[in-house]
Amino acid sequence: MAQHTRKGAQFQAVTANRLNDGIVVYLTAGGRWSESLQEAAVAEGKEAAEALLARAEPAVADNSIVEPYLFEVARDEGGIRAASVREVIRQAGPTVRLDLGKQAELPDVHR
Amino acid sequence: MQLIRNGAFVEPDFPSVADDEALPEGPAIVSLERWQAEREALRARNTPIGVRLKSGQEPSVIADDLDMLAVVALELPIFRNGRAYSYARLLRERYGYKGEVRAVGNVLRDQFHFMIRCGFDALEVADNITPEIWAENVGVFSYSYQPATDGREPVLSLRQRLAQRAAAREAV
Amino acid sequence: MYRYDEFDQQLVNERVKQFSGQVARRLSGELTEDEFKQLRLMNGVYLQLHAYMLRIAVPYGTLSSKQLRMLAHIGRKYDRGYGHFTTRQNLQFNWPALKDVPDILRDLASVEMHCIQTSGNCIRNVTTDQYAGAARDELEDPRIVSEIIRQWSTFHPEFSFLPRKFKIAVSGTPDDRAAIRVHDIGIQIVENDRKEIGYEIFVGGGLGRTPMVGKKISDFVPKEDLLAYLEAILRVYNMYGRRDNIYKARIKILVHEIGADEMRRQVEAEFAEIRKTGALHLPQEEISRIEAYFRAPAYETLPDESTELNKAVLADPGFANWVKSNVAAHKMPGYAIVNISLKPIGGTPGDCSSDQMDAVADIAEKFSFDELRVTHEQNLTLAHVRKKDLHTVYEALKAHDLATANVGLITDQIACPGLDYCALANARSIPIAQRISERFADIERQHDIGELKINTSGCINACGHHHVGHIGILGVDKKGVEYYQVTLGGAADEKTAVGDIVGPAFTEEQIVDAIETIVTTYLGTRKQGERFIDTYRRVGIDPFKESLYATH
Ligand code: HEM
Ligand code: SF4
């Protein structure tokens, strides 16, 4: 699990897996869990990131998601982009099966 | 903490005594170090005594003392440390120990069945364990493939008996 | 093949009930994730990059057609229509929902299958030679002893919380196709001077972060004592294996630290004690009972030559290539062993769609006594096909894109799931294997290169066996970018060796060219008829180093 966290990252978002089916989800500004990275809340700076991660706790406690963590993102014209290869693959799907995963289901994944 | 002995929830006895603590009246469990240091004094009390083995303290170190001990408590510092299962079997099968073998520490319900099979007859368990939970987990598997300490007949010999019975019936 | 009796079935059913209860307790919130994690990890349920992953045991790699059809059904109903065959002869599904796992387990139990001990620190699925029962030089069918070990190790009360996972492999022929020397215990079936069958025992092999080749600790364990001997090894390991550091917890580290001689002494001492009690003595009746399940199928008496086969080889060059690489000699005249490559050019090694599974099941039913094998090189095997049926089988396979003629050749690669699926990965493995496969797609060139095994892992855990590939590729992470380190000279057969690192890692863009450079260097260096691995053993790493790095 080397790649997703980077100390000193400027922008971060929170991701987790849904308990009952394991699907990757992102914490939104409204406190929902969305399947799309584009709906993720983005925190700037270390403190805001820690605060965002803390907001995942109720969903852990009520057993809707598991293993939430912070990861680095960037913003550009296209929207929110995951910084590491690992997180790019998580928000899109396997690079070897473009017919599977979010890349086949959502309009706005990036590579 | 609750104590289950021979399948029954009983009043906890043989409290574990820290090395720098005075011994209480009555039975108690001491560490291996204290047992080795104070063996004669502990025996002179004429009160049943138990010894606690940490993971890494093998039963062979107390093999010669076993007839002086009412309890051997085996520590499970964390559920995934399974050394104590071997220790329990050695105590029973190799050293012929007849006293109580008690599991102390991180004991999970999913382990009851295995522990009983390895010769533990007493388990210290968490407070949320009920007699129903105990019964369901200790009896989770009706058969066993391998011989262990509990003397349960392994599948292999059940099969042989079935085959013999079938052969006998045919012979009639 | 083995069939469950009432005892086997009852135990599997009880396990389904137990695990279903654990899933229900988790979904209702009665169990926390921390508590549940160790329970799901005892039943092959992992949380991966995109979803859960479920690992299904294929004991010693043998499946009936009916079982394979059930796997196809599960893939369709609960997953995305495909599965992944692994280097431990198991099958993994990449997308099952946790809430469906109890239903999947019930479906599996209905065909005598399960996920028991496919993860966790226990004795895992026993693996063996995919040619079991069909190989010419086999002393005894290794599945007999594998089944005996399966039963002994299932829900073993003393060995369910070992320091780390524990893998056992068995080989029944002098040619080792089961990689027994890179397992925690490797069992080689041997015969002594008195023509008695027994077992040569290796311990302490393994891959991962500290690759090691197993050490022989016994030349001959008699049949009736095998379980007592294994119990002795496991007890020594359970008592003395390290528990302070997960990276040093495998038995290979214990054997390395105390030495093979001391290990042998301790095991022999424990063995002598266990033997005294007689409890694990294996009665001949039980051995015979299990033997009966693996009796030879009803072979026909056939001439060894098949005119149908000879004609088809002349008429169909594609078929001729396939026969050359994918068909192996069988012990019975007129029969052959067919290897089905799961490595189509540019495909994902080991992946198989539900439709393909159904097709293979049908072919196995019609042409190979209703049974097939999974190989540790992530292919499938039909063990007993009549030579005269080979062309029909080939055509049937071809219709489902299953007739790639490359077994043992450079495009028959092992690759772990890597960063496309695996939460532990540092880099992707599958795309690397795909690019290499595309580069070397030309069949004439593949045959010219000859036997060459390229194995790729996405991290140091080495699920893709990279240490023992003739060419090994290990994905590493350098500041969020994927790099690939190359090793040369590994082997997983009877001359097992861990490969040597050739030099600094390559980028994703460079790696395929680097492999090509290695191959070209080999072609320019080899003697007539010399395989890559033999050339490497003769000339060493230097020529390869020079050609790889000299111009950089
Ligand atoms: C996708 C989830 C997987 C996870 C989380 C996983 C995890 C691991 C870990 C942690 C190790 C290192 C163990 C050690 O060195 O002590 C390992 C080794 C291994 N795994 Fe996996 N693995 C996965 C998938 C696979 C697959 C798909 C295969 C087969 C293609 C496989 C076959 C092996 C083999 C053969 C080894 C090395 C042999 C050894 O145990 O020394 N694993 N795995
Ligand atoms: S080698 Fe690493 S990346 Fe590949 S499957 Fe194993 S743990 Fe995952």
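Which strands of chain C does helix 12 lie across? I checked this in the predicted model. Helix 12 (residues 354-367) of chain C lies across strand 12, strand 14 (371-374) and strand 15 (380-386) of chain C. I read an angle of about 30 degrees between helix 12 and strand 15 of chain C.

Next I traced the sheet. In chain C, 5 strands form an open sheet in the order 3-14-15-12-11, with antiparallel pairing. Strand 3 (62-64) and strand 11 (327-329) of chain C each have a single partner strand, so one side of each has no neighbour in the sheet. Neighbouring strands of this sheet are turned by 35 degrees against each other on average, direction ignored.

Strand 11 of chain C runs antiparallel to strand 12 (residues 335-340) of chain C, and 3 bridges join them. Here I found C:A328 opposite C:I337.

Then I turned to strand 2 (residues 52-56) of chain C. Is this strand mostly covered or uncovered? I noted it as mostly covered, with 5 of its 5 residues buried. C:Y52, C:L54 and C:I56 point one way, C:M53 and C:R55 the other.

Last, I listed the partners of strand 2 of chain C. Strand 1 (residues 45-47) of chain C pairs with it in the antiparallel sense over 3 bridges, and a hairpin of 4 residues joins the two. Strand 5 (residues 91-93) of chain C also runs antiparallel to strand 2 of chain C, again with 3 bridges.

Methods: Residues numbered from 1 in each chain as written. Chains lettered and ligands numbered in written order. Predicted model: local features only at pLDDT ≥ 70, side-chain atom pairs only at ≥ 80, totals over all residues. Heavy atoms only, no water. Buried < 20%, exposed > 50% of the residue type's maximum accessible area, 1.4 Å probe, protein only. Pairing = 2+ DSSP bridges. Axes fitted to C-alpha atoms, helices over the stretch in contact; angles between N-to-C directions. Contact = heavy atoms within 4.5 Å.
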